[in-house]
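The following paragraphs lead the reader through one structure, step by step. Please keep the sequence and the model in view while reading.

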Amino acid sequence: MAAVQELMLLLQQIRPCVDSLDRRKWSSGTAGLFTVKSAYICLQNKYGMAEIELAKVQALQQLWLNNVPPKVNIFGWRLLLEKLPTREALYRKGIITSNHERCCVFCFKEKEDVQHAFFQL
Ligand SMILES: [Zn+2]
């Protein structure tokens, strides 16, 4: 319902011009052109996405400058942002439902999250 109201509000502001051709315009960009950066900033402002620590941002920027295969870059990116499918992540998403299955398969003591699997073993 909120999305419909937002759409109606946007449509009310549009005044069709008979004399000019239709064209697409990205309203969140400064020049009316779409860029991934402007979409990212728009979503970040709209949904209040969590800020990423400065150290992680710097590490991510360095990560993309390395001359390694893309799959290594993507793995590092997912590791830094803690987006790997660890048992704890699968549990939080409801894919694993048993509390017992959250445990690390190597030590069976701790829950298996990125910190434990990559930095504590
Ligand atoms: Zn363990």
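A pocket is defined on a 1 Å grid over the protein atoms alone: it is an open set of points with protein on both sides within 12 Å along at least five of seven lines, whereas a cavity is a set of points where a 1.4 Å probe fits but cannot get out, and lining residues have an atom within 4 Å of a point. The model under discussion is predicted; local features need pLDDT of at least 70, side-chain atom pairs count only at pLDDT 80 or more, and totals for chains, interfaces and linings use all residues. Residues are numbered from 1 along each chain as its sequence is written, and side-chain values use heavy atoms, with hydrogens and water left out.

The largest pocket is lined by 18 residues, and those nearest its centre are Ile14, Arg23, Lys25, Trp26 and Ser27. Its volume is about 690 Å³, a volume being the space filled by probe spheres set on grid points that are joined across faces, edges and corners. Helix H1 (residues 2–12) gives the largest share of this lining, 4 residues. Helices here are DSSP runs (H or I, at least four residues), as strands are (E, at least two), numbered from the N terminus.

A pair of aromatic rings is described by the distance of the centres and the angle of the planes. Rings of Phe, Tyr and Trp (its six-membered ring) pair if their centres lie within 6.5 Å; planes under 30 degrees apart count as stacked, over 60 as edge-to-face and the rest as tilted. By this rule there are 2 aromatic pairs. Trp26 and Phe34 form an edge-to-face pair, 4.9 Å centre to centre with 85 degrees between the planes. The rings of Phe75 and Phe118 are also edge-to-face, because their centres are 5.8 Å apart and their planes stand at 65 degrees. Since Phe75 lies in helix H4 and Phe118 in helix H6, this pair ties together parts that are 43 residues apart in sequence.

How accessible are these rings? A residue is buried under 20% relative accessible area, exposed over 50% and partly exposed in between (1.4 Å probe, protein chains only). Trp26 is partly exposed at 25%, while Phe34 is exposed at 51%. Phe75 is partly exposed at 39%, and Phe118 is partly exposed at 39%.

Helix H4 also holds Asn73, which is buried at 6% relative accessible area. Leaving aside residues up to four places away in sequence, Asn73 touches Leu63, Trp64, Asn66 and Val68, where contact means heavy atoms within 4.5 Å. In the loop between H4 and H5 lies Glu82, a residue other than glycine whose phi is positive, near 55 degrees.

Which residues coordinate the zinc ion? They are Cys104 (SG), Cys107 (SG) and His116 (NE2), at 2.0 to 2.3 Å. Donors are N, O and S atoms within 2.8 Å of the metal (3.2 Å for Na, K and Ca); water is not among the atoms, so sites may look incomplete. The donor residues are spaced C-x2-C-x8-H in sequence. Cys104 stands in the loop between helix H5 (87–92) and helix H6 (114–120), and His116 in helix H6, 12 residues apart. Cys104 is buried at 1% relative accessibility, and His116 is buried at 5%.
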